[in-house]
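The sequence and the predicted model follow.

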Amino acid sequence: MKRLADFSDDINKCSKCGKCQEVCPVFKLTKNDCAVSKGKFIMLQGVLKGDLRLTKTIEKYVDLCLKCGKCREFCPSDIDVCKIFKAVKYEYSKDSFFGEIIKFLQSDKVFNEFLGLGKLFRRHKIKTSGSVKLLYFKGCANKFYPKSENALKKILPYFDVDLVEKDFECCGVPLCLERYEEVKRKNLELLQGDYDYIVTDCASCQSALADYSDELNVINICQFLASQNKKFVFDKPLKVTFHKPCHLKSDAFLKPLLNKCENVEYIEAKDYDECCGFAGEFALKNPKISLMMTQQKASNLAATNADIILTACPACIIGINMGFLGKKHPKIMNIVEFLALANRINCI
Ligand code: SF4
Ligand code: SF4
């Protein structure tokens with residue numbers, strides 16, 4: 001398991017160019033130098049040299065990060081900031097009381113027992129025997145509240161697919177490092193096999209699986225649906241807008257897929273690809289900043305006057321709902337759930 005010291009070469013690669021400041025949503029809002037990678041790396045270099053200790057203040061600044069990865073896309077030194085911040089977090093929490101509680105809650109037994117409650121709402125396995133073999137990676141959100149899993153199983157029988165299901169662990173995104181390594185090992189074993197695609201309906205799961213190995217062919221199920229010769233017919237005209245989750249590598253499938261939806265108009269929201277501000281633990285550690293970001297996101301989406309807000313990650317659905325708290329708002333759902341609302345699915 002990697003420690004902070006293992007990342008010293010990466011941290012030293014930071015040229016302090018400040019490009020990350022131009023794109024970091026937290027820096028844009030707070031103007032705090034320590035909120036962005038550049039500032040955090042200056043502090044961590046001090047820790048590595050022994051000039052600084054990993055104090056609560058440094059912990060606070062490391063937690064002031066959405067782990068959205070936006071800065072990495074623009075970083076000329078291509079530093080994987082999220083991996084580094086995760087390792088630092090592990091280092092300062094591993095022996096703390098809080099760290100022990102997190103470890104207990106994320107342990108195999110407690111975590112999986114909790115998720116097991118979702119069995120009550122789940123659609124059974126579907127029988128498919130098509131020619132394209134899809135392995136479905138079902139994320140934790142679906143294990144607990146299988147709304148998009150049920151939608152996916154309503155749609156797929158109309159397509160020429162063979163859907164394979166396995167008993168996967170959590171993808172690891174929300175887990176501490178020790179548990180992450182454990183679930184990664186178990187999931188990698190289950191992911192072996194001869195499949196055309198590994199599909200998921202959650203952007204965070206997709207990004208986690210892609211991080212396991214470059215060799216896995218993981219796509220969002222919508223990417224597959226967009227490539228098929230089928231159309232989704234809605235009897236009533238609908239306007240939709242979209243929030244792109246940070247973890248969704250590409251949304252290139254969105255417009256082709258919505259073009260296959262009859263009677264549906266897409267209206268792009270301002271900053272549709274900016275983080276929703278929830279980011280799990282970020283919202284717990286930085287509630288005021290998180291709320292401001294979710295409210296900004298909600299207002300941008302509401303300005304489109306869309307009937308339905310679409311996204312591709314359960315955490316973003318929570319974030320957008322938070323932004324609308326106390327206000328009347330359009331329905332917010334995973335794209336797959338929206339497609340399952342179609343009145344008919346026909347050949348083109
Ligand atoms: S963009 Fe990369 S190299 Fe430039 S300051 Fe930020 S982290 Fe450092
Ligand atoms: S990962 Fe996102 S929130 Fe964190 S420093 Fe980079 S751009 Fe800012």
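Within helix 11, which spans residues 147-155, the buried positions are S148, E149, A151, L152 and K153. Their cover includes helix 10 (140-144) and helix 14 (221-226), together with strand 8 (331-334) and helix 19 (335-339).

Helix 18 (residues 314-323) is mostly covered, with eight of its 10 residues buried. These buried residues are P314, A315, C316, I317, G319, I320, M322 and G323.

| Helix | Residues | Buried residues |
|---|---|---|
| Helix 11 | residues 147-155 | S148, E149, A151, L152, K153 |
| Helix 18 | residues 314-323 | P314, A315, C316, I317, G319, I320, M322, G323 |

The model also contains an open sheet of four strands, paired in parallel and ordered 2-1-3-4. Strand 2 (161-165) and strand 4 (218-220) form its edges; each has a single partner strand, so one side of each lacks a neighbour in the sheet. From one strand to the next, the twist averages 35°.

Strand 3 (residues 197-200) runs parallel to strand 4 and is joined to it by three bridges. For T200, the bridge partner in strand 4 is N220. Helix 13 packs on the sheet, where it touches strand 3 and strand 4, and its direction makes about 165° with that of strand 4.

Methods. Residues are numbered from 1 along each chain as its sequence is written. Chains are lettered from A and ligands numbered from 1 in the order in which they are written. This is a predicted model: local features need pLDDT of at least 70, side-chain atom pairs count only at pLDDT 80 or more; totals for chains, interfaces and linings use all residues. A residue is buried if 20 or more other C-beta atoms lie within 10 Å of its own, exposed if 12 or fewer, and partly exposed in between; C-beta atoms are placed from the backbone. Helices (H or I, at least four residues) and strands (E, at least two) are DSSP runs, numbered from the N terminus. Two residues are in contact if their C-beta atoms, placed from the backbone, lie within 7 Å. Two strands pair if DSSP finds at least two bridges between them. Axes are lines fitted to C-alpha atoms, for helices over the stretch in contact, and angles run from 0 to 180 degrees between N-to-C directions.
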